[in-house]
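Let's take a friendly walk through this model together. Have the sequence and the 3D view open as you read.

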Amino acid sequence: MATRIHPLLILMTIVVYIFLIGPLIIIFGASVSDTTFLAFPPQGLTLHWFENIWEISAFRRTIVTSFQVALLGTAMALLIGIPAAYALNRHRIQLPGWLSTLFVLPILIPEIVIGFSLLRSINVGLGVPVFFALLIGHTLLVLPYVIRVISASLASFDFSIEEAAISLGSRPVKTFFTIVLPNVRSGILAAFILAFITSINDVSVSLFLTGPGISTLPIQILAHVEQFFDPTIASVSVLLMMLTIIVMIIVERTLGLTAVTK
Amino acid sequence: MTLPLSIDQITAHYGTTKVLEDLSLTVGDGELVSLLGASGCGKTTTLRLVAGFLQPTSGAIRLGDKDLTRLPAHGRDIGLVFQNYALFPHLSVKNNVAFGLKQRKLASGERDKRALEMLDRVGLAHLADRLPGELSGGQKQRVALARALVIEPPLLMFDEPLSNLDAKLRVDMRVEIRQLQRANGTTALYVTHDQEEAFSISDRVAIMNSGRIMQLDTPETLYQRPANKFVAHFVGFENLIDLQVTARDGEMVHAQTHDGGKITLSQERLGAIPDAFVLATRPDGLVVTNDASATGLPATLGMRTYLGRAYQYQCQTGAGQLIANGSLATPFESGAQVTLVPNPDQCAILQPE
């Protein structure tokens with residue numbers, strides 16, 4: 001006999017889903033509305049606002065910047081994070097416990113604080129150009145995620161496999177590339193995706209580090225909303241949403257979502 | 001080509017903790033020596049020092065004429081077999097076995113040929129294209145063995161290789177390991193905590209405790225002539241009785257415990273007996289009798305347990321609690337007053353410590 005589900009539970013589930021999905025549907029509707037203001041339900045159907053994104057040069061520029069920063073920042077975070085996660089796991093017993101905590105600490109510090117302190121130190125203090133300051137900021141922003149996800153992957157890696165390779169005559173550095181890396185590939189891919197999405201969607205850190213002529217997409221969306229209230233915003237939001245969904249589908253198909261969430 | 005291993009006065013530390021003290025050990029050419037002991041005794045540390053994964057504080061390790069002490073692990077040319085197999089999960093069985101040959105820059109055709117030959121010797125040639133994840137525990141350990149042997153190392157080392165296998169397979173595998181080691185004539189160092197495994201597979205066994213070798217001997221000698229209380233207790237001499245010689249009558253020696261329990265022993269069986277000594281016996285080495293005229297230790301029987309082949313008694317004596325086995329034909333009740341007479345076939349004489 002099937003267990004009867006309490007009607008209240010069904011109702012609660014529906015309400016929660018409406019709250020979660022409702023705004024997305026509204027944004028989606030508004031993005032195709034044939035009006036010059038945000039309207040839902042949409043009046044008429046047009047893809048004009050999607051074209052409009054590309055017409056506004058600020059959007060065009062910030063989309064390119066956002067992708068550059070996200071790709072380069074994530075790549076740099078991987079270059080630092082993979083060896084760090086490896087060392088933390090390989091020498092777990094010899095290293096003090098607080099060291100691995102130190103590496104994930106930035107997750108706990110409010111991003112707005114990180115943004116401000118980076119502005120003070122590297123932008124104003126050292127006079128680093130805006131783009132590179134932004135890049136450094138995003139690298140630091142995503143580094144803790146990279147280290148955490150790859151550490152999780154390395155935690156189940158048996159280091160005697162590495163020792164077996166070394167005993168068979170493989171040099172330690174070569175062993176790292178031929179034996180260790182191939183076995184944490186899925187962790188690295190998961191870290192890359194999580195870091196990329198975090199970087200693309202970031203507002204707090206970017207808010208402080210963007211400067212004259214160089215901005216990221218989320219910051220540009222904020223700036224745009226302050227002046228205009230046309231459906232272009234809705235269509236940009238839909239694009240960002242689609243990007244995230246596509247990435248998630250790829251992750252689900254290749255690794256399973258648990259690779260990112262665990 | 002195979003070489004003798006000599007470990008010369010090795011001392012090792014983890015941080016500030018001393019884990020090995022002044023340990024020396026020689027494994028002859030083609031010999032298999034086991035390091036046997038409880039966890040934390042230093043046996044795995046010794047193996048890791050030889051492998052090059054740890055550095056000694058002082059001392060030297062030599063393989064033939066070559067000094068290994070400061071050589072990096074990848075240059076030591078030692079075949080290693082691990083407890084958890086340590087196969088490369090992303091490589092096929094054949095490529096696992098060929099890995100060491102690849103490091104030695106062999107052409108790929110020659111690599112595959114030798115890997116397949118070695119897999120054939122361990123009976124797994126038909127699984128060459130599988131991934132390790134598809135194999136059973138026993139098959140994995142055979143692949144690991146093939147991978148270690150195919151590089152024709154002058155020294156093979158095993159770190160508890162059978163601990164993850166079930167009991168039946170463990171016996172089969174240890175015979176197989178021994179046969180392969182013998183056939184290749186490879187010098188081997190074998191770490192285990194399982195006494196039966198160590199005794200059955202080894203030419204000589206080193207029994208270790210807190211970073212030292214307590215005794216290094218053939219299994220037969222260890223089993224019959226332990227050199228000290230620790231080894232005696234380890235190989236099953238559960239009763240250790242302190243005795244003083246009171247009189248000598250030719251080869252017969254009369255001795256007594258501090259509370260006056262009397263024992264008579266023959267030096268013909270047990271070798272020279274010093275004036276003060278420890279008599280070590282297994283539970284089977286104390287005969288339980290109620291014959292009042294027998295010379296032995298008076299005892300009060302405590303709890304009786306059934307072993308299948310005998311009854312075992314906890315015995316309260318003036319020399320402390322002893323364990324004795326009695327025949328099934330004449331069971332004694334708990335509380336009975338009896339005499340314990342040592343059976344020299346199950347006894348050993350130790351120096352007092």
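## A helix over the sheet

Which strands of chain B does helix H1 lie across? This is a predicted model, and in it helix H1 of chain B, residues 43-51, lies across E3, E6, E7 (155-159), E8 and E9 (204-209) of that chain. The helix runs at about 145 degrees to E7(B).

## The sheet itself

If you trace the strands of chain B, you will find 6 of them in an open sheet with mixed pairing, in the order E6-E7-E8-E3-E9-E10. Strands E6 (78-81) and E10 (212-217) of chain B each have a single partner strand, so one side of each is left without a neighbour in the sheet. On average, neighbouring strands are turned by 20 degrees against each other, direction ignored.

Now look at one pair in that order. Strand E3 (residues 32-36) and strand E8 (residues 187-192) of chain B run parallel and are joined over 5 bridges. Here B:Leu35 sits opposite B:Val191 in E8(B).

## The nonpolar cores

The largest nonpolar core has 112 residues, and those touching the most other members are A:Ile150, A:Leu154, B:Leu5, B:Val50, B:Phe88, B:Met157 and B:Leu189. Helix H6 of chain A (residues 130-155) provides the largest share of this core, 12 residues. Apart from it lies another core, of 26 residues, including B:Tyr313, B:Cys315, B:Val338 and B:Ile349. In soluble globular proteins, nonpolar side chains tend to be buried together.

Leaving aside neighbours within four places in sequence, B:Leu5 is in contact with residues including B:Val27, B:Val50, B:Ile61, B:Leu155 and B:Leu189. Its contacts also include B:Thr26, B:Arg62 and B:Thr187.

Conventions:
Residues numbered from 1 in each chain as written. Chains lettered and ligands numbered in written order. Predicted model: local features only at pLDDT ≥ 70, side-chain atom pairs only at ≥ 80, totals over all residues. Heavy atoms only, no water. Pairing = 2+ DSSP bridges. Helix = DSSP H or I, 4+ residues; strand = E, 2+ residues; numbered from the N terminus. Axes fitted to C-alpha atoms, helices over the stretch in contact; angles between N-to-C directions. Contact = heavy atoms within 4.5 Å. Core = buried A, V, L, I, M, F, W, Y, C linked by side-chain atoms within 4.5 Å. Buried < 20%, exposed > 50% of the residue type's maximum accessible area, 1.4 Å probe, protein only.
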